[in-house]
Amino acid sequence: MDLKHETSKSSGLQLARVSQALFESAAEGLIVIDARGKMVLLNQRACEMLGYLEEELIGAQIEMLVPMNLAGEHQKLREGFVHEPSRRSMGIGRDLRARRKDGSEFPVEISLNHFENEDDRYVMALISDITQRKRTEQELEKLNLELEHRVQLRTRELADSQNLYAVIARNFPNGIIMVFDQDFNYVFAEGRELFKMGVTSDELVGTNYLTRLGEGVRDTIELRLREVFEGQNANFDMIVDDKHYELHAVPLRDSTGLVNRILVVETNVTQQKRAEKNMLKTLDKERQLNELKSRFVAMASHEFRTPLSTILTSLSLVARYTAPEQEANRLKHYNRIRSSVHNLTGILNDFLSLDKLETGMIATNPEQIELRAFLEDMVDELHSLCKDGQTISLQFENDGIVKADKNMLRNIVMNLISNALKYSGENQTVEVKAAFRDAKVYVSVVDHGIGIPEADQNHMFERFFRAHNATNIQGTGLGLNIVKKYLDLMGGDIWFESTPGNGSIFNFVLPQNDAQ
Ligand code: ADP
């Protein structure tokens, strides 16, 4: 049935509601079907959409335009609609598809309307091809999915890197990584040193950094860190208690370039500094030892010459004094040789003691010493060093026992008495006085010799130091230095009084050390 032509012929079907022009120029496809589902009217757009010629469709069942599998269902729905028509969209909530002549399908949107004529009831379907819209929708959806995926990925990456930073920061060795706001409150704090301090990051965040510092350093550190808020980097050291820290601070700018936070990396370098100090100390000791040795060589080559030449001369003279009446001369030279050898041994012993002291290889070995007997033995022995007419007198205020290292005490007494003899003239007496008081033993060696110039008195215990008035008398400048070191080791002390030209008194004291 050709409805279009029938209209113009007033076949009874009133198409007054649908003007011809509107019908044909509509952007959507229009199909009118009768109550039995036969197509009675189509516009050009509908034919184009479906790939049919108008005449192929007129009179045909509408279901031929519905996807095959849905044709049955469609028929039922259509009959329902005809029975109870209303103006509405078709297939609400479902994706509608239309079937072209070539069998291909495409997405559509259909709105339904109905009208009646005296002879029949008609349904008018307005069909829009939404292929393009669907495609755009799909693309949009795909894009959305992609975007979502990317966001997820980025979020994971961020979380991962945040985790990584947190782990790195938490394990930052021997220090803390900190971020402060402008009031020096912790915004962030992580690092191994926190464990050692016994605090957690959570406990620190929000609290004030400066109040944790001792008053001694607080102002200085605040001043340095304020500079960082002004945009400068700062690197400086901080010593708190006995700990040494190195601080490196950099400004953190916000998106407007303003420094509202600073990053401070605080490293505990106490151990390195200690090691450095020890190394420098060892190096210094080594240097001093080397210097000592070279000074000794210089001194020894000078000081050895005199006793050695004395020995040589005396030996050759002794060889000449063969007659029995020359016994006195022989004895004189034997004594000279003995004294020179004693001198040499003294120098060598001093040096060996000093070397041991310097390398820290010496330890005290305390034993009970009955002082009177000990000093009497020593004085006997030292008589051999007396010049003509010299005497050594021993005086005891009281008797007692001291617990001390015997060798060291020997060395001390020997040095002081031999100096007293050496720096006094012939016929002079050297007095040795001993006294026990307050669990200590005091010993003084008094001489009436050349004395010590005042200008030199402050240097007497320095290594290799010799007073200006002693240059013509043999000596190494080591003895008193060693004596002082031995006394330090044994918890004693030494001091002296001297008047140039009048003599000196050298005193030392030692703790009795529970001697019984
Ligand atoms: P040495 O006697 O071998 O030079 P010491 O270390 O024993 O070395 O003494 C250091 C210096 O102290 C001596 O060179 C001397 O100038 C001075 N001195 C030490 N004892 C006396 C003393 N009893 N009288 C005067 N000067 C002394």
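How many nonpolar, polar and charged residues are in the lining of the second largest pocket? There are 18 nonpolar, two polar and six charged; Ala, Val, Leu, Ile, Met, Phe, Trp, Tyr, Cys and Pro count as nonpolar, Asp, Glu, Lys and Arg as charged, and the others, Gly among them, as polar.

This is a predicted model, where local features need pLDDT of at least 70, side-chain atom pairs count only at pLDDT 80 or more, and totals for chains, interfaces and linings use all residues. Residues are numbered from 1 along each chain as its sequence is written, and side-chain values use heavy atoms, without hydrogens and water.

The pocket's volume is about 530 Å³, meaning the space filled by probe spheres set on grid points joined across faces, edges and corners. A pocket here is an open set of points on a 1 Å grid over the protein atoms alone, where a 1.4 Å probe fits, with protein on both sides within 12 Å along at least five of seven lines; lining residues have an atom within 4 Å of a point. Of the 26 lining residues, Val66, His74, Met90, Leu96 and Ile110 are the closest to the centre. Helix α5 gives the largest share, five residues; helices (H or I, at least four residues) and strands (E, at least two) are DSSP runs, numbered from the N terminus.

Now the sheet. Five strands form an open sheet with mixed pairing, in the order β13-β15-β16-β18-β17; strands pair if DSSP finds at least two bridges between them. β13 and β17 are at the edges with a single partner strand each, so one side of each has no neighbour in the sheet. β13 pairs with β15 in the parallel sense over six bridges, and Phe396 has Ala434 as its bridge partner in β15.
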